[in-house]
Amino acid sequence: MKKQHTNEAVIFFTLIFILFQFTSCKTLSPTKEKISEMTPTASFDNIIPIPVSVSLTGGTFNLNRETKILFASLNPETEFIAKYLQEQINSITGYELAILPFEEKLTKGNISLIINKELNELSKESYSLIISENLIELKANQPEGLFRGVQTLIQMLFPLKNNLNLTSNHIEFPTLEIKDNPRYEWRGVMLDIARHFFSVNDVKKLIDLIALYKFNRLHLHLTDDQGWRIEIKSWPELTEIGGSTQVGGGYGGYYTQEDYSEIVRYAMERYITIVPEIDMPGHTNAALASYPELNCDDIPPELYTGIKVGFSSLCLDKEITYDFIKDVIKEVSDLTPGAYIHIGGDEAYATDSLKYINFIERVQQIIESNNKKMIGWEEISQAKLGSNSVIQFWRKSDYVLKGLQQGSKVIFSPSSKVYMDMKYNPNTELGLNWAGYIEVSDSYNWDPLTQINGISDKQILGVEAPLWTETILNFSDIEFMLFPRLPGIAEIGWSPSFKRNWDEYKRRLANHGNYWKKIGLNYYKSTDINWD
Ligand code: TNX
């Protein structure tokens, strides 16, 4: 009996020993280590905005040069999305994948982009991404959802090192299932084209950057004291005179109607809606300088190239002012497929307050007679608003409450959190600081629901990050102010708040720095983040 026990013990310990050798071999073996070092691995835990749910299923999918991108040919938009994915994969990995239409059969080893009208989704931007050992399947009810899901897939490649082509013949993906949909309908960025002019090409570059983070609105601040930037055929001097300069002097510029339509088209392909802003009745020096009759005394002011605000006003006593607005709104509405026209309405310090209210109500009618909905900065809530009108919060919650009482929805742009023209800290060369310094953590650590007492998610249309450009001269400056703060605003707008956590977020953000370096983006190397 005793002997048998000893034998059993010997066998048991020998087995343990062999097992130990085997597992330790696995971790220590130089060849294995070398292989895993050489196999680039895509990662699920650097996605911004963080998806609603991710579950890992324990296997791997290998993407290689033979992988094809198959698109649902019955819907023509999916071919564009397939090409977009192909280009992005190519620019990150160097792999040139083929794209092919498919009808029914999903073949092994490929990426499939599937529109399934039967999918019962929460939003037209919802998608699911299923990576199994055989297949990457991206499914959505609408092409828009597919496009958002493609961004998730692309971001999984962000941690990869350069020159994959030279070192590896496949990329490993963890198998998983992601289900995702946005928290808010409106996730916007605003660019001020008036203080400094930016070319169509710059705006396209911006559209590409914000598309990566699932933004779906680009608000263009097209007119201000320093410049009128959109051609209005019935009032040509607006751009001839009003567009001729910018902050600091020198030539400004403007978009012809064809230029503007090109921006609208480019954005639309990326499921981003352009929201044009014609700021009035203040912020109108460029228009007043272009047409004497818009001034109460018929004397046009000089063109303005400074950065002070609140000194100009259209003449609200003259009917010609309303003729002017009708023409402008008509032409801009005709060029804009999106539902909203932004009328500014901010900082009208040179306008009589009673006349201001009457003015906003008249402009609201003009917007609605063009089958559009009105958005304005928070001050417009002093007027009687229709339930379709939307207010954009930037500073005073009292104005927001006034708007909510009237049934308006609100877009959150609290200046102390999301004004991308605020300096990061006192050493930042670009930018202003009237709303405070905004470090990356400050712009991430807030929630729309806790900004104003008693507000509910249903009253919130979404969030928007404005970039005013008094001190912003070129695209590199734009990049520096937006990155790395902007992805955080995308996450606030898209992800459920319980999913958000700064310590975890900043680790994900660091991986994006790896990608930004790769594409040569000029981002601020905040000490908030461990970029290594
Ligand atoms: C306030 S926010 C403004 C803009 C300036 C900006 C500079 C708002 C509605 N008006 O006219 O460009 O501050 O930060």
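**View 1. Helix H6 passes helix H15 in a right-handed crossing.** A crossing is right-handed if the near helix is turned clockwise from the far one by less than a right angle, and left-handed if anticlockwise. This is a predicted model, in which local features need pLDDT of at least 70, side-chain atom pairs count only at pLDDT 80 or more, and totals for chains, interfaces and linings use all residues. Residues are numbered from 1 along each chain as its sequence is written, and side-chain values use heavy atoms, with hydrogens and water left out. Helices (H or I, at least four residues) and strands (E, at least two) are DSSP runs numbered from the N terminus. H15 covers residues 475-482, and H6 packs against it at an angle of about 25°, with the axes 11 Å apart. Axes are lines fitted to C-alpha atoms, for helices over the stretch in contact, and angles run from 0 to 180 degrees between N-to-C directions. H6 and H15 are therefore roughly parallel to each other (angles under 35 degrees; over 145 is roughly antiparallel, 65 to 115 roughly perpendicular and the rest oblique). Look for Asp202, Lys205, Leu206 and Leu209 of H6 meeting Phe475, Ile478 and Leu482 of H15; contact means heavy atoms within 4.5 Å. By class, these residues divide into 5 nonpolar, no polar and 2 charged. Here Ala, Val, Leu, Ile, Met, Phe, Trp, Tyr, Cys and Pro count as nonpolar, Asp, Glu, Lys and Arg as charged, and the others, Gly among them, as polar.

**View 2. Helix H6 also meets helix H8 in a right-handed crossing.** The axes of H6 (residues 200-211) and H8 (residues 257-269) come within 10 Å and cross at roughly 15°, so the two helices are roughly parallel to each other. On the H6 side, the contact is made by Val200, Val203, Lys204, Ile207 and Asp208, and on the H8 side by Asp259, Glu262, Ile263, Tyr266 and Ala267. This contact has 6 nonpolar, no polar and 4 charged residues.

**View 3. The largest pocket is lined by 21 residues.** Its volume is about 400 Å³. Nearest the centre of the pocket you will find Lys124, Glu144, Asn216, Arg217 and Thr273. H8 and strand S12 (273-280) are the elements that give two or more residues to the lining. The lining divides into 9 nonpolar, 6 polar and 6 charged residues. On a 1 Å grid over the protein atoms alone, a pocket is an open set of points where a 1.4 Å probe fits, with protein on both sides within 12 Å along at least five of seven lines; lining residues have an atom within 4 Å of a point. Grid points are joined across faces, edges and corners, and the volume is the space filled by probe spheres set on the points.

**View 4. Some loop residues have backbone angles worth a look.** Most residues other than glycine have a negative phi, and most peptide bonds are trans. Lysine 214 has a positive phi of about 65° although it is not a glycine, and lies in the loop between H6 and strand S9 (217-221). A cis peptide bond joins methionine 280 and proline 281, with omega about 0°; this proline sits in the loop between S12 and helix H9 (285-290).
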